[in-house]
Amino acid sequence: MATAMDWLPWSLLLFSLMCETSAFYVPGVAPINFHQNDPVEIKAVKLTSSRTQLPYEYYSLPFCQPSKITYKAENLGEVLRGDRIVNTPFQVLMNSEKKCEVLCSQSNKPVTLTVEQSRLVAERITEDYYVHLIADNLPVATRLELYSNRDSDDKKKEKDVQFEHGYRLGFTDVNKIYLHNHLSFILYYHREDMEEDQEHTYRVVRFEVIPQSIRLEDLKADEKSSCTLPEGTNSSPQEIDPTKENQLYFTYSVHWEESDIKWASRWDTYLTMSDVQIHWFSIINSVVVVFFLSGILSMIIIRTLRKDIANYNKEDDIEDTMEESGWKLVHGDVFRPPQYPMILSSLLGSGIQLFCMILIVIFVAMLGMLSPSSRGALMTTACFLFMFMGVFGGFSAGRLYRTLKGHRWKKGAFCVGEVPGCCSSTRPLLLQTATLYPGVVFGICFVLNCFIWGKHSSGAQPYDNPVRTNQIPRQIPEQRWYMNRFVGILMAGILPFGAMFIELFFIFSAIWENQFYYLFGFLFLVFIILVVSCSQISIVMVYFQLCAEDYRWWWRNFLVSGGSAFYVLVYAIFYFVNKLDIVEFIPSLLYFGYTALMVLSFWLLTGTIGFYAAYMFVRKIYAAVKID
């Protein structure tokens, strides 16, 4: 009969999924119908730069402000992303044109930037900052027209239209700094089909901007806050001199165009910025490599194991069999508990927690429930699932710790790891703060399991190992050079990293270059390939180690299985040097600090996958041989 502890993890999983389902709906996802001349609010999100990796809120610069500044209530994901959504003074009406409008102009007077403000604006322009606005939850984009045919004599060049997120704050030219002080908004609407006696409704389906820099002398403004743009290319850009005060106008224009794009497809413009073919190439390449190696490894391992098991199970010539070397000779030590079982159990429990969270997030995102239109939903869901998946992590860690003959459960429940002084009063407050809530979820399940152990309940049974452990450890023969732990990490990490390094480029681009990542179907396939490849490599490595009569496989297998994290670190350094233009100390510190967290998480994930695959393999092969 199933006990309460058997049903607890599955009940909590179902409950977390039910709770998270309601979180997928956020304001802005459902379509909004506009009538003629209805206001379409333009909001600001933030300022970003791939050079500094430091987001700033919109009004950190001296932009024109409305009479009352109102910040939107962000969800957890938006806060972690640095979004600070706020209203702006842009007045946009549905399907209503505006040729030129002046912002924050009183009595036809231009805006004066102080020396400090001018210096700040100039600094942000030289740091390549982008301004991000939204209209009806659609982010603004800048159209880029690239010519695919480079032949200068061909007048019929094909244009490759791409879109850039946000718009550049300004630009530099010959050591001079210029500000984009005029924004030409181009909004596209889709006219909804209505009955004859009903008024037409419109839906916003695209939001573009053409930023321009126009100096004060070339803009003509009147007392009604209207302005006249210069004709053609006769105007000069608005320079910002950081050493003195600068006078300028902030202006904008609005143009509406009808579009055949329906509301359900309006995000296609933003999500087709990268070539999908390279994703297919990555998937096909990874699948072919993994299945090819799977076939080879399976044939070798299965044939070798069958031969080994057949020889070991022969009742005659037992003395000759025992004199041979092989993995059967360490049957009395293969399940001997390793050093520091508490740390190993805690790390593997964290790996299970990460695995469950990542699997559910990617799967749900693949179903379209965490699209970029649900701003911040992906990160919010990941954070909450990580906390709730601590139940699975604590349960797995507790069961493994019990299997490894662990008895100091009180220390294990309240300490991060078995290190000197971890429970002393001098433990840093930062560590307590960072692990408080996830640690509570993880620790409660761990403590409950420990009390169940004390009552010898079946709800906290350890894993049943197929062979007994000898009291006296067996002597380990001298190992060859290729059995070195670091060599094993290098060899074991190549295949899993090779299966996902192309997708890793797009993930890094989404994180560090403010791009949208939406191909979660590809990511789910890559994740499955990663799990398969990590499991295969782990099984092969532990088989070779046991054949070399080295039974200390617990820690080694966990470390070796996470070897692909080393290549992720190397790739992150390569990406930093070749793809990013970061030269300052603070942005570099941010990059490598977050990269260290990513590498650590990836090591826990892949190490846990490989460990449990190897553990099941070891239990399986030793259960198949006859042990006297």
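**Entry 1: strand 13**

I began with strand 13, which is mostly covered, nine of its eleven residues being buried (under 20% relative accessible area, with exposed over 50% and partly exposed in between, for a 1.4 Å probe and protein chains only). Strands here are DSSP runs of E of at least two residues, and helices are runs of H or I of at least four, both numbered from the N terminus. I note that this is a predicted model, in which local features need pLDDT of at least 70 and side-chain atom pairs count only at pLDDT 80 or more, while totals for chains, interfaces and linings use all residues. Residues are numbered from 1 along each chain as its sequence is written, and side-chain values use heavy atoms, with hydrogens and water left out.

**Entry 2: strand 12 and its partners**

I looked up what strand 13 (residues 202-212) pairs with, and found strand 12, antiparallel over ten bridges. Pairing requires that DSSP finds at least two bridges between the strands. I checked individual positions: L183 has P211 as its bridge partner in strand 13, and S184 stands opposite I210.

Strand 12 also runs parallel to strand 17 (residues 250-258), joined to it by eight bridges. There H182 is the bridge partner of T251. Why is strand 12 largely enclosed by the rest of the structure? Nine of the ten residues in strand 12 (residues 182-191) are buried, so the rest of the structure largely encloses it.

**Entry 3: L169**

I then turned to L169, in the loop between strand 9 (167-168) and strand 10 (170-173). L169 counts as buried because its relative accessibility is 2%. I listed its contacts (heavy atoms within 4.5 Å), leaving aside neighbours within four places in sequence: L61, F63, V121, R124, I125, Y129, Y130, V131, L179 and H180.

Axes are lines fitted to C-alpha atoms, for helices over the stretch in contact, and angles run from 0 to 180 degrees between N-to-C directions.

Helix 7 (residues 341-366) and helix 9 (residues 390-403) have axes that come within 7 Å and cross at roughly 150 degrees. Helix 7 and helix 9 are therefore roughly antiparallel (over 145 degrees; under 35 is roughly parallel, 65 to 115 roughly perpendicular and the rest oblique).

Helix 7 packs on helix 8 (residues 377-388) at about 145 degrees, with the axes 9 Å apart. Helix 7 contributes Q353, L354, M357, I360 and V361, and helix 8 contributes L378, T381, A382, L385, F386 and M387.

**Entry 4: whole chain and confidence**

I noted 16 helices and 17 strands. Of the 628 residues, 47% are buried. Among contacts between residues at least 6 apart in sequence, 80% join residues at least 24 apart.

Mean pLDDT (the predictor's confidence in each residue, from 0 to 100) is 78, and 79% of residues reach 70 or more. Helix 3 (residues 115-126) has the highest mean, 94, and helix 1 (residues 4-23) the lowest, 38. Residues 1-28 have pLDDT below 50, and this stretch has 31 contacts in the model beyond near neighbours in sequence. Residues 413-434 stay under 50, with 22 contacts beyond four places in sequence. Where pLDDT is low, the predicted coordinates should not be read in detail.
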